[in-house]
Amino acid sequence: MPRTLPLLGRTAVVTGAARGIGEGMARALVRRGARVALLGHEEPALARIAAAFPGRAAHWPVDVTDEAAMARTAARVEQRFGPPSVLVANAGVAAGGLFLDHDPATWRRVVEVNLIGSAVTVRTFLPGLLVTRGYYLQVASLAALAPAPLMSAYGASKAGVEAFAHAVRAELAHRGVAVGVAYLSWTDTDMIRGAQHHDSLRALRARMPWPAGRIYAPQPVVDRLVRGIERRSPAVYAQPWLRAVQAARACLPAVVTHRARRELGRLDGRAGLSATGLLGAGGEADADAAGLKR
């Protein structure tokens, strides 16, 4: 246990909490003394996590893109735990493949969940954060810092949430609400394991320079993100080398384009570059909820 517990007795809301980084953060926040509201699609998984922390965690199945449902959920969370001091916009989905090959509905859904869902989440819970002068952490990605060939929807949505969080930070600074952006590289979650089943995304990762092509263990990532919450950090780098990527981001589009011209030119036309559906079990759950083909 840490020597101090800055989150003791405070309420934290975590979206996409049924698995992966969201689940890990929810568990870590409870252990650090917070009362945690778990939001996501997969009710059995959410219920299992909440049951491990009776009285300190509760779950609400909800689609983060559904404004009316999110408003009802926020009211129930506040009735149960009080206004939130921490909001983690973590819910996200991904799909891979060449942009021209993507099913338009799947491409749009990635943007809707990752970008619009984050905005809906903030709009819904911001009144409570204003009361507590709380902290909002937006989970972004390496894809917000550098172009992501074969993941155009994911890259666009993560760059979008980064810009959104920066704008909201500037709007809220004088009202005492702090805003942070979390940057993650490939982390061993269900989404990334789903990506490994597709030739196109295996090829993408294999051709990334070290250390960007590594897959990282989730617990150190969770620990860094939660420390960032406790410190109300404006930027949280799940892997320390991402700071260097941040500093070099202006030159990265040209570098990525140069590499992609060679690599994709060699692979173009192969069946392995065909578009995927939403990745992983979490993606499948969202596809089912949204009525998308898998």
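Helix α8 buries Val221, Val222, Leu225, Val226, Gly228 and Ile229, where buried means under 20% relative accessible area, exposed over 50% and partly exposed in between, with a 1.4 Å probe and protein chains only. Viewed down the axis of α8, these buried residues sit within an arc of 155 degrees, so they line one face of the helix; the arc is taken from the directions that run from the helix axis to the C-beta atoms. This is a predicted model, in which local features need pLDDT of at least 70, side-chain atom pairs count only at pLDDT 80 or more, and totals for chains, interfaces and linings use all residues. Numbering starts from 1 along each chain as its sequence is written, and side-chain values use heavy atoms, with hydrogens and water left out.

Helices (H or I, at least four residues) and strands (E, at least two) are DSSP runs, numbered from the N terminus. The 14 residues of α8 (residues 218-231) should span 20 Å at 1.5 Å a residue, which agrees with end C-alpha atoms that are 20 Å apart; the expected span is 1.5 Å times one less than the number of residues. On its buried side, α8 packs against α1 (20-31), β4, β5, β6 and β7 (235-237), contact being heavy atoms within 4.5 Å.

As for the chain overall, its secondary structure comes to 11 helices and 7 strands. Of its 294 residues, 53% count as buried. Among contacts with a separation of 6 or more, 71% are between residues 24 or more positions apart.

Strand β5 (residues 135-139) is mostly covered, with 5 of its 5 residues buried. Tyr135, Leu137 and Val139 point one way from the strand, while Tyr136 and Gln138 point the other way. In a regular strand the side chains alternate between the two faces of the sheet. Strand β4 (residues 86-89) runs parallel to β5 and is joined to it by 4 bridges; two strands pair if DSSP finds at least two bridges between them. Within this pairing, Leu87 stands opposite Tyr136. To get from β4 to β5 the chain goes through helix α4 (residues 104-132), and this β-α-β crossover is right-handed. Right-handed here says that, with the strands pointing away from the viewer, the path from the first strand over the helix to the second runs clockwise.

Strand β6 (residues 178-183) also pairs with β5 in the parallel sense, over 5 bridges, and Gly180 in β6 is the bridge partner of Leu137.

Next come the nonpolar cores, each a set of buried Ala, Val, Leu, Ile, Met, Phe, Trp, Tyr and Cys residues joined through side-chain atoms within 4.5 Å. The largest holds 56 residues, of which Leu39, Phe125, Tyr136, Tyr183 and Leu242 touch the most other members. Two or more residues of this core come from each of β2 (35-40), β3 (57-61), α3 (67-81), β4, α4, α5, β6 and α9 (242-248), and α4 gives the largest share, 8 residues. Leaving aside neighbours within four places in sequence, Tyr136 is in contact with residues including Leu87, Val122, Leu129, Phe164, Val168 and Val179. Apart from this core lies another, of 35 residues, with Val88, Leu137, Leu225 and Val236 among them. In soluble globular proteins, nonpolar side chains tend to be buried together.

Helix α2 (residues 43-51) has Ala45, Leu46, Ile49 and Ala50 as its buried residues. Those residues fall within an arc of 130 degrees down the axis of α2, so they line one face of the helix. They pack against α1, β2 and β3, whereas the face turned away from the buried side carries the exposed residues Pro44 and Ala51.

Two individual residues round out the picture. Gly40, in strand β2, is buried with a relative accessible area of 8%. Its C-alpha atom is 5.1 Å from that of Pro61, 21 residues apart in sequence. Beyond four places in sequence, Gly40 is in contact with Leu46, Trp60, Pro61 and Val62. Ala12 lies in strand β1 (residues 11-15) and is buried, with a relative accessible area of 1%. The C-alpha atoms of Ala12 and Pro84 are separated by 5.5 Å, although these residues are 72 residues apart along the chain.
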